[in-house]
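Please keep the sequence and the structure in view while reading.

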Amino acid sequence: MKTLLNVIWLFLSGFWLFLGYLVAGLILCITIIGIPFGIAAFRIGVYALWPFGYRVVDRYDAGAPSLIGNVLWILLAGWWLALGHIAAGIALCVTIIGIPFGIANFKLIPVSLMPLGREIVRTDEPFAGRY
């Protein structure tokens, strides 16, 4: 079922969201300071490409640097990536078939706003993300 949902997701919004994260990652990797943010954009972009079968968990060892990084992330790229998820979610919720995919877009908004201090793990790993 996850594979079918991922394939439908890829055609409806996953590919375009992935391209948005790819562009954000490339722009952020221009400077040395932006490389960690670019890597986070690439990581979330792959998650936005194939979201079903994965989940986001908080890293308990992340501290103040993650908070500062998330504030910078929101200013640099997070707000417009979140707007992309909002627009795609609203567009997908227009049809009955697209409602689950629109909800999936809305679930991606928190990680698009604050990706640092979080980890993407498979749903079938029972103790993933626990330290």
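In this predicted model, the axes of H1 and H2 come within 8 Å and cross at roughly 175°. Angles over 145 degrees count as roughly antiparallel, and H1 and H2 are therefore roughly antiparallel to each other. On the side of H1, the contact is made by Trp 9, Leu 10, Gly 14, Phe 15, Leu 17, Phe 18, Tyr 21, Leu 22, Ala 24, Gly 25, Leu 26 and Leu 28, while H2 contributes Ile 35, Phe 37, Gly 38, Ala 41, Phe 42, Ile 44, Gly 45, Val 46, Ala 48 and Leu 49. Sorted by class, the contact of H1 with H2 holds 18 nonpolar and 4 polar residues, with no charged residues.

The largest nonpolar core has 19 residues, and those with the most contacts inside it are Trp 9, Trp 73, Ala 77, Leu 81 and Leu 108. Two or more residues of this core come from each of helix H1 (2–28), helix H2 (35–49), helix H3 (64–92) and helix H4 (99–107).

Which residues of H4 are buried? In H4, Phe 101, Gly 102, Ala 104 and Asn 105 are buried, and because they cover an arc of only 155° around the axis, they lie on the same side of H4. The buried residues of H4 pack against H1, H3 and helix H5 (109–113).

Asn 105 is also one of the residues in contact with His 85, which has its place in helix H3. His 85 counts as buried, because its relative accessibility is 0%. With neighbours within four places in sequence left aside, the residues in contact with His 85 are Leu 17, Tyr 21, Asn 105, Phe 106, Leu 108, Ile 109 and Ser 112.

| Residue | Relative accessible area | Class |
|---|---|---|
| His 85 | 0% | buried |
| Ile 120 | 22% | partly exposed |
| Ile 8 | 32% | partly exposed |
| Leu 75 | 61% | exposed |

Leu 75 is found in helix H3, and its C-alpha atom is 14 Å from that of Gly 38, a residue 37 places apart from Leu 75 in sequence. Ile 8 has its place in helix H1; the C-alpha atoms of Ile 8 and Ile 44, which are 36 residues apart along the chain, are separated by 19 Å.

Ile 120 is found in strand S2 (residues 118–122). The C-alpha atoms of Ile 120 and Val 57 are separated by 6.4 Å, although the two residues are 63 residues apart along the chain.

Note on methods: Residues numbered from 1 in each chain as written. Predicted model: local features only at pLDDT ≥ 70, side-chain atom pairs only at ≥ 80, totals over all residues. Heavy atoms only, no water. Core = buried A, V, L, I, M, F, W, Y, C linked by side-chain atoms within 4.5 Å. Buried < 20%, exposed > 50% of the residue type's maximum accessible area, 1.4 Å probe, protein only. Helix = DSSP H or I, 4+ residues; strand = E, 2+ residues; numbered from the N terminus. Axes fitted to C-alpha atoms, helices over the stretch in contact; angles between N-to-C directions. Parallel < 35°, antiparallel > 145°, perpendicular 65-115°, else oblique. Contact = heavy atoms within 4.5 Å. Nonpolar A, V, L, I, M, F, W, Y, C, P; charged D, E, K, R; others polar. Arc of directions from axis to C-beta.
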